[in-house]
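Hi,

Here is the model I promised to pass on. Please have a look at it first, and then read my notes below.

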Amino acid sequence: MFHAVEHGKPIEKLFCSLQSLENHDEGNIAVLEMLTVLPEVVEDQNADYRTSSAQRREYGQEEQLLSHTSVVLEFLHRQSDMSFDSSIQLQGRHRKILRCLLSWVRAGCFSEIPPSSLAGHPLLGFVFNSLQVSSSFDLAIEVLTELVSRHEVKD
């Protein structure tokens, strides 16, 4: 889907349809998967020699991607509001949320947030709660490690 630029701005269409997709449970999973892959596509596009110039224009600007950060973080926050449960399906959903958050952290979505404000971000609470669940512990550690490495004070 992301490589179908000739069909007209798939990234913009994704964000425009985010709310309608979110109203369907299956849509949430699909949106999580797409949002997880999107930053990776942008990051990998420079390494992919097959990417056309139209695709480079569509994906090449990280600023364009990061301009949607607030929408993505709000979506992830709504998804994370589900209570922790021992259900295998819910644990899988939590892993998907963490994977998506990790992709966006790697893309720099928290770079504009001052480190002093980061501690109060609602998604950080979700990440800390994920540390208490064995099935999501590893991903929660990855998210926290990435956040710390990106917010290190450089002397």
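Starting from the N terminus, the elements of the protein follow the order α-α-α-α-α-α-α-α-α-α. That makes ten helices and zero strands, where helices (H or I, at least four residues) and strands (E, at least two) are DSSP runs, numbered from the N terminus.

A word on the ground rules. This is a predicted model, in which local features need pLDDT of at least 70 and side-chain atom pairs count only at pLDDT 80 or more, while totals for chains, interfaces and linings use all residues. Residues are numbered from 1 along each chain as its sequence is written, and side-chain values use heavy atoms, with hydrogens and water left out.

For the overall picture, 43% of the 155 residues count as buried (under 20% relative accessible area; exposed is over 50%, and partly exposed is in between, with a 1.4 Å probe and protein chains only). The accessible surface comes to about 8700 Å², and 53% of that belongs to carbon and sulfur atoms; the areas come from the Shrake-Rupley method with a 1.4 Å probe, and for residues only the protein chains shown count as cover. Among contacts (heavy atoms within 4.5 Å) with a separation of 6 or more, 67% are between residues 24 or more positions apart.

Now to the salt bridges, each being a side-chain nitrogen of Lys or Arg within 4 Å of a carboxyl oxygen of Asp or Glu. The count comes to six.

One of them pairs Arg 99 with Glu 33, with the closest N and O atoms 3.6 Å apart. Arg 99 sits in helix α7 (residues 88-107) and Glu 33 in helix α3 (residues 25-44), so this pair ties together parts that are 66 residues apart in sequence. Arg 99 is partly exposed at 32%, and Glu 33 is partly exposed at 26%.

Arg 95 meets Asp 138 in another salt bridge, at 2.8 Å from N to O. This pair links helix α7, which holds Arg 95, to helix α10 (residues 137-150), which holds Asp 138, 43 residues apart. Both are partly exposed, Arg 95 at 27% and Asp 138 at 40%.

Glu 146 and Arg 106 also form a salt bridge, with 3.6 Å between the closest N and O atoms. Since Glu 146 lies in helix α10 and Arg 106 in helix α7, the pair ties together parts 40 residues apart in sequence. Glu 146 is buried at 17%, whereas Arg 106 is partly exposed at 37%. Shared partners join Arg 106, Glu 142, Glu 146 and Arg 150 into one network of salt bridges.

Best wishes
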